[in-house]
Amino acid sequence: MNPQSFSFELFPPRTPEGATRLPAIVGKLAAVKPAFFSVTYGAGGSDQDGTYETVVRVVNDTGIEAAPHLTCVGSTRAKIAALLDRYKAAGVKRIVALRGDLPATAVSSEAPGEFGYANELVEFIRATHGRDFQVEVAAYPEMHPQATSADADLAAFKRKAEAGADAAITQYFFNADAYFDFADRCAKANLKLPIVPGIMPITNHAQLTRFSAACGAEIPRWIRLRLELLKDDKAALLDFGTEVITRLCETLLKGGVPGLHFYTLNQSEPTLRLWRNLGLRR
């Protein structure tokens with residue numbers, strides 16, 4: 001059995017102040033020696049420059065592997081090929097391959113550009129670079145918000161796995177049963193790739209509500225009501241959120257998950273509190 005892998009997600013700084021703060025945040029997170037950092041798509045979703053610069057800076061500052069998110073919606077094979085070559089030249093060994101968010105003007109689920117779905121991006125990476133990159137893809141224990149059914153969602157995930165994905169990182173969730181049910185369904189479909197739960201620390205009521213509405217993550221009623229009650233008491237909300245997510249992670253770890261991937265939101269302390277509570281070590 002492979003050892004559990006623990007990793008952190010960052011986003012490219014969107015302001016000069018954010019860029020100034022990020023090295024200290026990364027340094028604190030790097031001190032616990034995660035398996036890797038992932039870096040989301042460029043600031044504001046506009047381009048890959050911010051992603052590339054953040055990846056290179058993380059590697060240079062910490063010596064820890066960093067994996068760029070590579071989105072294909074609205075792009076061309078030539079542009080993706082150039083990005084892959086750029087990352088390979090920089091020594092990147094891992095890619096998080098995603099379709100990306102459809103523009104607001106898209107009709108239904110029709111994606112503009114030369115790639116329609118993430119499995120096509122995975123196929124392209126394998127066709128052009130073989131096994132040069134470890135390829136991670138997304139998984140949705142509570143179903144992708146644009147999927148027409150749970151079976152259609154599983155079929156889409158299967159296509160990504162069969163295209164050559166090495167592992168998956170899930171959308172965050174607060175119900176462990178959703179993850180275990182999804183993992184069971186994948187096992188029955190003979191999908192053997194590791195599926196790592198994505199973990200979102202609870203730090204802000206309004207922000208979490210907004211994120212969850214956009215990505216389809218369900219906030220259980222009891223959590224939502226407590227957050228509404230505590231929204232004006234930051235310390236109490238943080239304590240409550242840490243307790244809730246610690247219990248979730250404990251349940252997942254006891255259930256044998258292959259690791260945890262923490263969405264840090266470019267903050268160190270909320271994730272490190274969870275790390276300490278769980279007694280994680282590399």
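## Aromatic cluster and ring contacts

F6, F8, F37, F262 and W275 come together in one aromatic cluster, where rings of Phe, Tyr and Trp (its six-membered ring) count as a pair if their centres lie within 6.5 Å, with planes under 30 degrees apart called stacked, over 60 edge-to-face and the rest tilted. This is a predicted model, in which local features need pLDDT of at least 70 and side-chain atom pairs count only at pLDDT 80 or more, while totals for chains, interfaces and linings use all residues. Residues are numbered from 1 along each chain as its sequence is written, and side-chain values use heavy atoms, with hydrogens and water left out.

Across the whole structure, 12 aromatic pairs are found. One of them joins F115 and F124 in an edge-to-face arrangement, with 5.6 Å between the centres and 80° between the planes. F115 counts as buried at 1% relative accessibility, and F124 counts as buried at 13%; here buried means under 20% relative accessible area, exposed means over 50%, and partly exposed lies in between (1.4 Å probe, protein chains only). The face of F115 also has R77 over it, at 4.9 Å from the ring centre, and R86 lies over the face of Y52 at 3.7 Å from the ring centre. A charge is taken to sit over a ring if NZ of Lys or CZ of Arg is within 6 Å of the ring centre and within 35 degrees of the ring normal.

## Helix α7

Helix α7 covers residues 205–215, and H205, L208, S212 and C215 are its buried residues. Seen down the helix axis, these buried residues fall within an arc of 115°, so they line one face of α7, the arc being that of the directions from the helix axis to the C-beta atoms. Helices (H or I, at least four residues) and strands (E, at least two) are DSSP runs, numbered from the N terminus. The buried residues of α7 pack against β6 (167–172), α8 (221–230) and α9 (234–254), with contact meaning heavy atoms within 4.5 Å. On the face turned away from the buried side, α7 carries the exposed residues R210, A213 and A214.

At the N-terminal end, N204 caps α7 through a side-chain oxygen that lies 3.1 Å from the backbone nitrogen of A206. After α7 comes G216, which has a positive phi near 85°.

## Salt bridges

The whole structure holds 14 salt bridges, each defined as a side-chain nitrogen of Lys or Arg within 4 Å of a carboxyl oxygen of Asp or Glu. In one of them, D166 meets R131 at 2.3 Å, N to O, and this pair links distant parts of the chain, 35 residues apart, with D166 in the loop between α5 (150–163) and β6 and R131 in the loop between α4 (118–129) and β5 (134–139). D166 counts as buried at 17% relative accessibility, whereas R131 counts as exposed at 57%.

R247 and E243 form a salt bridge of 2.7 Å, N to O; because they are four residues apart in helix α9, about one helical turn separates them. Salt bridges that share partners also join E65, R94 and E136 into one network.

## Loop residues with positive phi

N190, although not a glycine, has a positive phi of about 65°, and its place is in the loop between α6 (176–188) and β7 (195–199). N266, also a residue other than glycine, has a positive phi near 55°; it is found in the loop between β8 (259–263) and α10 (269–278), and it counts as buried at 11% relative accessibility.

How values were computed
Polar contact = N/O pair within 3.5 Å; in protein donor to acceptor, adjacent residues only side chain to side chain.
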